[in-house]
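Student: I would like to learn how a protein model is read, one feature at a time. Please give me the general idea before each case.

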Amino acid sequence: MPSAPIRVLVAGCGHMGLSHAKAYQALDDFEIVGVVSRGEASRRALLDALGAEYPQFADYHAALAATKPDAVSINTYPDTHAEYAVAAFAAGCHVFLEKPVAVTVAEAEKVIAAARAARRKLVVGYILRVHPTWTRFIETAHTLGKPLVMRMNLNQQSSGDKWKTHQALMQSMSPIVDCGVHYVDVMCQMARSKPVRVSAIGARLTDDLVPGMYNYGCLQVTFADGSVGWYEAGWGPMMSETAFFVKDVVGPKGCVSIVGVKEGEAGSDDVEGHTKAAVLKLHHAALGPDGSFARSDELLDCSGEPDHDGLCLLEQKLFLDAIQNDRDLTAHMDDAVNSLRIVLAADESFRTGKTVELDRI
């Protein structure tokens, strides 16, 4: 007899909540038992997009008690992540949790401890880890020798509802923290070396933010093997869309770059463009006897890659596999905490004007 589907409660009805809900609908081994959002309009919009009706809740804890799910998908703003995840584990649920794990390292460690104590699975939404092109990008970086120079950014020019979403996110964290965990995680996978120090700069480009928050930042991280990386992120109506997509890694043997969305092809606030990559360009540094390049650049075809919803489907397949086959997620959880620690150290560096030593990682 086939096993009963995993009953999942979807918390958060925005863009990510909808994409993950579509994945649960598409997978027979999941069954949505309810959707949670403080706003009725967002719940209605998600249900209309799904073409289905599920129990609606405005309060997460009430939904958890009423539906008694096997799993919870947490796609809310970061300042609720730790509270919601710990409550889910206390209720005996597995958890899919959008990044970042929490807004502080202490809270993130509390979430990991709760998962371990409950003996339940925690999968964190590091979407680039399931992306075929980004996986190939990381693997190709491993062929370039050491040290590596890793250059990445994701500036987003936003207006209207998208600017409102960015402002809501910045109630609790800056762009280099919220988005930075993705790309710092990629750098750690590429370098495969201990990060030792972080520094950062930033700027507050508008008064339409909570006191003390800034909407542009750039971090620099140094690894024990001499590898270095920088990541730049800015949000808002004032941001430039010139060179908003840089994903480039340089080593002694050459470099590899994602040839992604170009200026004019799509707006920088287009979520599809954040991960889109039709081609990887591999450059070889070796020179011939006459001093010219010994090999031509290679274009590695990445066509046919999943769209954003397809990537979310891959994430939920990973979540399903972890639950059904009792996968060991120790390294996954530890990596999620460490990438958060690095970007929060960058935030500390910006606020103090000092380089932060990462002696705890």
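Tutor: Let us begin with a facing pair: Tyr 216 has Gly 234 standing opposite in E11. Helices (H or I, at least four residues) and strands (E, at least two) are DSSP runs, numbered from the N terminus, and two strands pair if DSSP finds at least two bridges between them. This is a predicted model, in which local features need pLDDT of at least 70 and side-chain atom pairs count only at pLDDT 80 or more, while totals for chains, interfaces and linings use all residues. Residues are numbered from 1 along each chain as its sequence is written, and side-chain values use heavy atoms, with hydrogens and water left out.

Student: Which strands are joined to E11 by bridges, and do they run parallel or antiparallel?

Tutor: The general idea is that strands of a sheet pair through backbone hydrogen bonds, either parallel or antiparallel. Here, strand E10 (residues 216-223) runs antiparallel to E11, with 7 bridges between them. Strand E7 (residues 149-154) runs parallel to E11 and is joined by 5 bridges, and strand E8 (residues 156-157) is also parallel to E11, through 2 bridges.

Student: How many residues of E11 are buried?

Tutor: Buried means under 20% relative accessible area, exposed means over 50%, and partly exposed lies in between (1.4 Å probe, protein chains only). In strand E11 (residues 228-236), 7 of the 9 residues are buried, which leaves the strand mostly covered.

Student: In what order do the strands of the open sheet stand?

Tutor: This sheet has 6 strands, placed in the order E3-E2-E1-E4-E5-E6 and paired in parallel. Strand E3 (56-57) and strand E6 (122-125) are the edge strands, and because each has a single partner strand, one side of each is left without a neighbour in the sheet. Inside that order, E4 and E5 run parallel and are joined by 4 bridges, and Ser 73 stands opposite Phe 96 in E5.

Student: Now a helix, please. Which residues of H1 are buried, and against what do they pack?

Tutor: The buried residues of H1 are Gly 17, Ser 19, His 20, Ala 21, Ala 23 and Tyr 24. Among the elements against which they pack are strand E1 (6-11), strand E2 (30-36), strand E4 (71-74) and helix H11 (308-324).

Student: Why does His 20 count as buried?

Tutor: His 20, which lies in helix H1, counts as buried because its relative accessible area is 0%. Contact means heavy atoms within 4.5 Å, and, leaving aside neighbours within four places in sequence, His 20 is in contact with Ser 73, Asn 75, Phe 96, Glu 98, Cys 312, Glu 315 and Gln 316.

Student: Is Gln 25 buried, partly exposed or exposed?

Tutor: Gln 25, also placed in helix H1, counts as partly exposed, because its relative accessibility is 35%. When residues up to four places away in sequence are not counted, Gln 25 touches Ile 32, Leu 50, Ala 52 and Tyr 54.

Student: Which residues other than glycine have a positive phi, and where are the cis peptide bonds?

Tutor: In general, most residues other than glycine have a negative phi, and most peptide bonds are trans. Lys 68 is not a glycine, yet has a positive phi of about 45°; Lys 68 sits in the loop between helix H3 (60-67) and E4 and counts as exposed, because its relative accessibility is 62%. Arg 119 likewise has a positive phi, near 55°; Arg 119 is placed in the loop between H5 and E6 and counts as exposed at 72% relative accessibility. As for cis bonds, one runs from Lys 99 to Pro 100, with omega near -10°, and Pro 100 lies in the loop between E5 and H5. Another joins Lys 146 and Pro 147, with omega about 0°, and Pro 147 is found in the loop between helix H6 (132-141) and E7.
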